[in-house]
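Subject: Structure handover

Hello,

Here is the structure I said I would pass on. My notes on what was found in it follow below.

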Amino acid sequence: MQCFLLGTGGMMPMPHRRLSSVLVRTELQDYLLDAGEGIQVSFKELGLGIKRLAVVAITHLHADHCLGLPGILMLRSQVEQASGLTIVGPVGIKRFVEHVRSDLRSRITFPIRYVELRPNENTAVALKNDDITLSWAKLNHSVDCVGYRLQEPSRPGRFHPERASALGVPQGPLWGRLQHGDDVETQDGRIIRPNDVMGHTRRGRSLAFATDTRPCPGLDQTIWQADLAFVEGMFMASDKALAKEKYHMTVIEAATAAKRAQVRRLVLTHISPRYANAERRTLQDQARTVFPGAIVGRDLQDFVIPMPED
Ligand SMILES: [Zn+2]
Ligand SMILES: [Zn+2]
């Protein structure tokens with residue numbers, strides 16, 4: 001699982017800082033979390049290609065999170081035989097896309113399926129396929145806003161051929177059946193179970209994306225023990241009152257939530273335009289007083305989530 005930070009800004013695009021969006025690439029397809037203005041350019045700069053994009057999930061209908069979506073749809077319409085696209089977001093996302101599409105007379109060449117979320121409900125699964133489960137939880141912002149979590153299914157434990165041989169199961173189809181979870185019978189009539197030859201089940205990888213929000217239970221739920229969490233850290237500690245007033249967080253509040261939720265790796269994003277790029281270091285230093293290893297993301301930075309150890 002690989003992730004690309006297409007932008008790390010909040011509110012408005014700045015020189016060298018586009019708006020907060022993340023592309024997640026799995027073996028099967030790509031998932032886009034938020035679509036800030038101008039992120040088409042990040043796609044091109046990173047040479048990502050748009051054909052693999054299968055799902056776009058929008059956190060909320062504020063301009064800095066969704067104005068890039070029309071451009072993404074048009075870019076993808078230039079791809080030959082583009083397959084269908086699923087767009088997920090709070091109620092209103094469908095109306096927004098369909099209005100823009102008809103007002104601009106956009107020629108979109110592929111079918112769009114909408115999954116509209118009702119943030120007055122509890123956390124839920126937005127979609128599930130062989131690849132991942134995309135779930136969401138309600139955040140605390142000035143409009144309906146949700147956090148997203150991509151979770152891979154757990155994988156069976158590692159197969160130990162030496163154990164199978166020692167138990168008298170010959171190499172061949174019986175090994176395959178054990179790896180698929182079936183019991184097998186040896187020639188002398190003993191039953192060998194998968195547990196006898198397989199290691200522990202391995203947990204799937206998880207990625208969380210939570211912006212824009214105040215600290216809240218939905219944030220904790222979204223990022224709980226995530227391998228990699230992108231969390232808004234819009235303000236410095238000294239701008240705490242402003243963060244509260246605008247329904248955002250300081251880097252200290254974000255780092256505190258991440259620590260409480262036992263996040264494994266924390267990347268702060270959605271940086272306020274009031275800070276120059278040179279001030280990222282200060283933001284990062286402040287976050288690290290609470291969450292050592294936290295980083296303030298940079299545009300076009302990429303991250304790999306390795307397979308967890310057994
Ligand atoms: Zn925002
Ligand atoms: Zn917002």
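A residue is called buried if its relative accessible area is under 20%, exposed if over 50%, and partly exposed in between (1.4 Å probe, protein chains only). Helices (H or I, at least four residues) and strands (E, at least two) are DSSP runs, numbered from the N terminus.

This is a predicted model, in which local features need pLDDT of at least 70 and side-chain atom pairs count only at pLDDT 80 or more, while totals for chains, interfaces and linings use all residues. Residues are numbered from 1 along each chain as its sequence is written, chains are lettered from A and ligands numbered from 1 in the order in which they are written, and side-chain values use heavy atoms, with hydrogens and water left out.

Strand β13

Strand β13 (residues 228-232) is largely enclosed by the rest of the structure, because five of its five residues are buried. L228, F230 and E232 cover one side, A229 and V231 the other, and all are buried. β13 runs parallel to strand β12 (residues 206-210), and four bridges join them. In one of these, L207 has L228 of β13 as its bridge partner.

The zinc site

The loop between β12 and α8 (217-223) holds D212. A cis peptide bond, with omega about 0°, joins T211 to D212. Most peptide bonds are trans.

Donors are N, O and S atoms within 2.8 Å of the metal (3.2 Å for Na, K and Ca); water is not among the atoms, so sites may look incomplete. H62 counts as partly exposed because its relative accessibility is 24%, whereas H141 is buried at 9%.

The zinc ion (ligand 1) is 3.5 Å from the zinc ion (ligand 2), and D212 coordinates both.

The open sheet

Seven strands form an open sheet with mixed pairing, in the order β6-β5-β4-β3-β2-β1-β16. Two strands pair if DSSP finds at least two bridges between them. β6 (112-117) and β16 (302-304) are the edge strands, each pairing on one side only. β16 pairs with β1 (residues 2-7) in the antiparallel sense over three bridges, and Q2 has V304 in β16 as its bridge partner.

Two loop residues

Q225 lies in the loop between α8 and β13, and L300 in the loop between β15 (295-296) and β16. Phi is positive in Q225, at about 50°, although Q225 is not a glycine. L300, also a residue other than glycine, has a positive phi near 75°. Most residues other than glycine have a negative phi. Q225 is partly exposed at 29% relative accessibility.

Regards
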